[in-house]
Amino acid sequence: MQTSPLVQKTTELALKIIAITDKLRENYRNYALADQLLRSGTSVGANVREANGAQSRRDFIGKLSISFKEANETEYWLLLLHKSQKITKTEYSQAMDSLL
């Protein structure tokens, strides 16, 4: 079974988010921000995958809408972490590339 580009991209995003949150927990003990980022960043792909198994067009749109909201939240957490210098410009850019 071939994976859709959206599933691939959101999987890449989740893997980058996991790496960033691991670093945050190790280097800064910043569990609250790391947890928020991990939840929203991995939820994007989870909801895309759920949308692929939707039972109706309405269900599909609903799941993708949730994914979009989670992507917006992830963007917010990444921006905060970048502006507070908890993640590098490279980490921020790479995660944003997967997000957009």
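Q: Which residues in H2 meet which residues in H3?
A: Some ground rules come before the case. This is a predicted model, where local features need pLDDT of at least 70, side-chain atom pairs count only at pLDDT 80 or more, and totals for chains, interfaces and linings use all residues. Residues are numbered from 1 along each chain as its sequence is written, and side-chain values use heavy atoms, with hydrogens and water left out. Contact means heavy atoms within 4.5 Å. Helices are DSSP runs (H or I, at least four residues), numbered from the N terminus. Here Leu33, Leu37, Val44 and Val48 are among the H2 residues in the contact. Their H3 partners include Phe60, Leu64, Trp77 and Leu78.

Q: At what angle do H2 and H3 pack?
A: Axes are lines fitted to C-alpha atoms over the stretch in contact, and angles run from 0 to 180 degrees between N-to-C directions. H2 and H3 pack at about 155°, with axes 8 Å apart. That makes the two helices roughly antiparallel (over 145 degrees).

Q: How do the axes of H3 and H4 cross?
A: They come within 10 Å and cross at roughly 170°. H3 and H4 are therefore roughly antiparallel too.

Q: Which residues have the most contacts inside the largest nonpolar core?
A: In soluble globular proteins, nonpolar side chains tend to be buried together. A nonpolar core is a set of buried (under 20% relative accessible area, 1.4 Å probe, protein chains only) Ala, Val, Leu, Ile, Met, Phe, Trp, Tyr and Cys residues joined through side-chain atoms within 4.5 Å. The largest has 16 residues, and Ile20, Leu24, Leu37, Leu78, Ile87 and Leu99 have the most contacts inside it. H1, H2, H3 and H4 each supply at least two of its residues.

Note on methods:
Buried < 20%, exposed > 50% of the residue type's maximum accessible area, 1.4 Å probe, protein only. Parallel < 35°, antiparallel > 145°, perpendicular 65-115°, else oblique.
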